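Colleague: Hi! Could you walk me through this model?
Modeller: Happy to, let's look at it together.

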Amino acid sequence: MEWFERTKPYEADLIADLNQIVKIPSILDPNTQSDRTPFGVDMARALAKMEELAARDGFRYGRVDNMVTWIEYGPADAAETVAILTHIDIVPAGEGWLRDPFKPEILDGLYFGRGAADMKADLMSAYYAMKYLADHEITLTRKIRLIIGTDEENGWRDLPRYFEVEGEPTMGFSPDGAFPVVNGEKAFQTVQLRFANQTTGDYVLRRFIAGSRPNVVPGEARARVSVPNPAQVQNEFATYLAQYPFLSGQSEVRDQEVRLLLKGVQAHGAYPQDGENAGTYLANFLRRFAFNADAKTFLDFIGRVVHDDIGAENLGLRYHDDVMGELTLNVGVMRFSQNGQGTILLNFRYPQGVNVQAVTTQVQRHLGDFAATVEVWPGGMEPHLVPETDELVGTLSLVYAKQTGMYMNPRTSNGGSYARLLKRGVAFGGQFPDVPVTSHQANESTPVANLTRSMAIFAESLLKLAK
């Protein structure tokens, strides 16, 4: 019997359990952080739900510092461990949803909900792959451990702590990428610009807000401006939007103050080409007016220097590596508040051959009149590459080829998965090549058929790696 035929009967139960996880808005919540809930109450609820499933299905499980839950199958005293590295945290829902992101629905063969693509569905497919092996009492030599983090979308404070306590697994994969095997991951580093917000004269930028996370392309931007002729700004804004069919927005006037809303296309910051950055487009529009002081340089930097420049060519950072590909830039967060403190977060993904010092140096060189300080955010990662000759890469590649009928060479990703924390770690699934990427976007979805399709690939892979 083919693996997909073996896993298909699990589909209804898999979806039922997935629904329970997607309904929990496991987003970083500073308001409910404590020692018992280091990333918020909902994150703790999500881990508890996974532990409830593990207890139901007879798995060993445990928790590390209330940050990570592990679920295990195979000989407890095995010397070697095959890890499945996952996370249960998600990015905020954002705007533009046609349905409630935390009330999962299936429509036209697609499963909708925040986390459907990144990565609750793949977490559940991996869990059910392990469940399949346990249900059939398959004997293993290595143990399998599903490791569930809660801070992947933010500071990566979870799995490093897990490794300190539990040690590093022998090898493993993270179903937080794409098929086929992703044996290389570019570096990711966020650079923060801080600056004063002085703005005076006839044109005053009161406030500018876009983005919430450096690793998300902002889908919405707002600005409040005081101007001599509000009607002119409104008319020119309507004309500007008409030039770009992928943008939308609105404006209103309150006491000589124009309030602007511009909507672009939200996307994962690792793939800025999939989105349309609302923040840089709004700045690009506003820079035509006679703002001065810090407002002028702020709007010029994000509206000209880094606008529509995902290769960072205007910063002198365009770079190509034959193995790992191109450097990319996402302008993830933009903040300006009159007479306050301003912030811009630039998220870079770069291959081997580039380092963080080169990135910060080039940003500093291209600030022009922008009186900003350049700081490196903690938590960045250098490039990661596992040789194609490694047993892990070869085994996963062959399983994928066997089950899909198509061999595809291992490749490099812009995304950063927990696989890079392992010396012998790769990303593997659950994004199939023929499926549009919806991670971090409104109306995030995944094909229902791919839930057990991924489960089948993971199950055979785990069997071969742990047998």
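Colleague: Which residues touch the most other members of the largest nonpolar core?
Modeller: Met50, Ile71, Met124, Tyr127, Leu146, Phe173 and Phe428 do, in a core of 62 residues. A nonpolar core is a set of buried Ala, Val, Leu, Ile, Met, Phe, Trp, Tyr and Cys residues joined through side-chain atoms within 4.5 Å. Buried means under 20% relative accessible area, exposed over 50%, and partly exposed in between (1.4 Å probe, protein chains only).

Colleague: Where does the largest share of this core come from?
Modeller: Helix α4 (residues 120-135) supplies it, with eleven residues. Helices (H or I, at least four residues) and strands (E, at least two) are DSSP runs, numbered from the N terminus. Apart from this core lies another one, of 53 residues, including Ala223, Leu262, Phe301 and Leu367.

Colleague: And what does methionine 50 touch?
Modeller: Leaving out residues up to four places away in sequence, methionine 50 touches Ile21, Ile71, Ile88, Leu123, Met124, Tyr127 and Ile148. Contact here means heavy atoms within 4.5 Å.

Colleague: Before we go on, where do these values come from?
Modeller: This is a predicted model, where local features need pLDDT of at least 70 and side-chain atom pairs count only at pLDDT 80 or more, while totals for chains, interfaces and linings use all residues. Residues are numbered from 1 along each chain as its sequence is written, and side-chain values use heavy atoms, with hydrogens and water left out.

Colleague: OK, new topic: which residues of helix α9 are buried?
Modeller: In α9 (residues 356-365), Val359, Thr360, Gln362 and Val363 are buried. Looking down the axis of α9, its buried residues fall within an arc of 165 degrees, so they line one face of the helix. That arc is taken from the directions from the helix axis to the C-beta atoms.

Colleague: Why would residues three or four places apart point the same way?
Modeller: Because an α-helix has 3.6 residues a turn.

Colleague: What do the buried residues of α9 pack against?
Modeller: They pack against β10 (187-196), β20 (341-350) and β21 (372-376). The exposed residues Gln357 and Arg365 sit on the face of α9 turned away from its buried side.

Colleague: Now aspartate 151. Is that residue buried or exposed?
Modeller: Aspartate 151 counts as buried, because its relative accessibility is 0%. You'll find aspartate 151 in the loop between β6 (143-149) and α5 (159-166).

Colleague: Which side chain makes a polar contact with the side chain of aspartate 151?
Modeller: That of arginine 157, at 2.7 Å. A polar contact is a pair of N or O atoms within 3.5 Å; within protein, one must be able to donate a hydrogen and the other to accept it, and residues adjacent in sequence count only if both atoms are side-chain atoms.

Colleague: How about histidine 307, where does it lie?
Modeller: Histidine 307 lies in the loop between α8 (293-305) and β17 (320-321). Histidine 307 is buried too, with a relative accessible area of 12%. Its side chain joins that of threonine 280 through a polar contact of 2.9 Å.

Colleague: Last one: how many helices and strands are in the protein chain?
Modeller: There are eleven helices and 26 strands. Of the 467 residues in the chain, 60% are buried. Along its principal axes, the C-alpha trace spans about 75 × 45 × 45 Å.
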